[in-house]
Amino acid sequence: MGFSTGTLNVSTTVISQKIADLPLYSGIGYRFVCFGVFFVVTNLFLIRYANKIRKNPQLSPMYDLDQKNALAKDLKLEDFGAMTPRKWITIVCLVAAMGLIVYGSIMKGWDVAEHAAVFLALGIVVGLVAGFSANEISKEFLAGCKDMLGAAMIIGLARSIGTIMGDGNIIDTVVHTLAGILNVVPFYLQGIGMLIANTIINVFITSGSGQASVVMPIMIPLADLLGMTRQTAILAFNFGDGFCNYILPTSTALMGIIGAANIPYDRWMRFMWKCFLLWLATGAVMLLIAQAIHLGPM
């Protein structure tokens, strides 16, 4: 919810506002309202789903695969052993690593490569804390790599789709066509139209910052011509870029996560499509309100 509503998102909201010549983080009040609305709506959906599955586990799309999961048996917290000093130190190391990543990202401009280096170092450190030898640490690392190899292949294939479309200059054609369609959409539906357009574009450009750089130079002048506030256009971009990341097979983050969790994409979609449509409907309502109040810098 935090990423998709763009409340404080550097890679989407801030980049878009720079392109739109708006004060950075302006409009944060309404985005916080949007965050709260989406948070409540999503929790109601998840709680309702969880209660339904608790009453009848066979309704879960993952029911048959969960029965084969080694962790599906009846485990108790005590089965994992007592909290020893080594385990406490491991948790401290994890928290310290996360703090280092936050500091490095904000103060030093770290990106994915630096984050990976921190986690690699963390694996070595916690291995030593756990009392493993160098050989044991290497074996555990390779075992983890084996579990993640499928996810890594899926991420690579998903990313290649965007690369092919970018190198083929297909993305520019798609963006231009969708922008032209918005010219004939009635005023109060233009925000919703922009939401749908950005959702479609996100199929081809899953990077939030990349999509902002490609889309916003077109959408901002278009919003000016249509009489829509630039803040509303950015909100439509945030919703369109953010929420469909949870259903797109081209989303490297989604495919990596469900691959690591051994959830087939078709099983994921049997659960997720209703939630996505709920998000679209909620986003449409919030955009209608934004247009009605002529949302501007706040």
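This is a predicted model: local features need pLDDT of at least 70, side-chain atom pairs count only at pLDDT 80 or more; totals for chains, interfaces and linings use all residues.
Local features are given where pLDDT is at least 70 and side-chain atom pairs where pLDDT is 80 or more, while totals for chains, interfaces and linings use all residues. Residues are numbered from 1 along each chain as its sequence is written, and side-chain values use heavy atoms, leaving out hydrogens and water.

**View 1. A nonpolar patch on the surface includes Leu24.** Leu8, Val10, Leu24, Tyr25 and Phe32 form this patch, with about 470 Å² of accessible area together. Accessible areas come from the Shrake-Rupley method with a 1.4 Å probe, and for residues only the protein chains shown count as cover. Patch residues have over 30% relative accessible area and no salt bridge; nonpolar side chains (Val, Leu, Ile, Met, Phe, Trp, Tyr) are joined within 5 Å, and like charges within 9 Å. A salt bridge is a side-chain nitrogen of Lys or Arg within 4 Å of a carboxyl oxygen of Asp or Glu. Leu24 lies in the loop between helix 2 (10-19) and helix 3 (28-55). Helices are DSSP runs of H or I with at least four residues, numbered from the N terminus. Leu24 counts as partly exposed because its relative accessibility is 45%; buried means under 20%, exposed over 50%, and partly exposed in between (1.4 Å probe, protein chains only).

**View 2. Asp21 has a positive phi in the loop between helix 2 and helix 3.** The phi of Asp21 is about 55 degrees, although Asp21 is not a glycine. Most residues other than glycine have a negative phi. Asp21 counts as exposed because its relative accessibility is 67%.

**View 3. Helix 5 (residues 85-108) contains buried residues.** This helix has 24 residues and reaches 33 Å from its first C-alpha to its last, close to the 34 Å expected at 1.5 Å a residue; the expected span is 1.5 Å times one less than the number of residues. Cys93, Ala97, Ile101 and Gly104 are buried in helix 5. Helix 6 (112-129) is among the elements that cover the buried residues. Just after helix 5, Gly109 takes a positive phi of about 70 degrees.

**View 4. Thr229 touches Ala223, His294 and Leu295.** These contacts (heavy atoms within 4.5 Å) do not count residues up to four places away in sequence. Thr229 is placed in the loop between helix 10 (208-226) and helix 11 (230-242). A polar contact of 2.7 Å joins its side chain to that of Thr232. Such a contact is a pair of N or O atoms within 3.5 Å; within protein, one must be able to donate a hydrogen and the other to accept it, and residues adjacent in sequence count only if both atoms are side-chain atoms. A polar atom of the Thr229 side chain also lies 2.5 Å from the backbone oxygen of Leu295. His294 is found in the segment after helix 13 (265-292).

Key
Helices (H or I, at least four residues) and strands (E, at least two) are DSSP runs, numbered from the N terminus.
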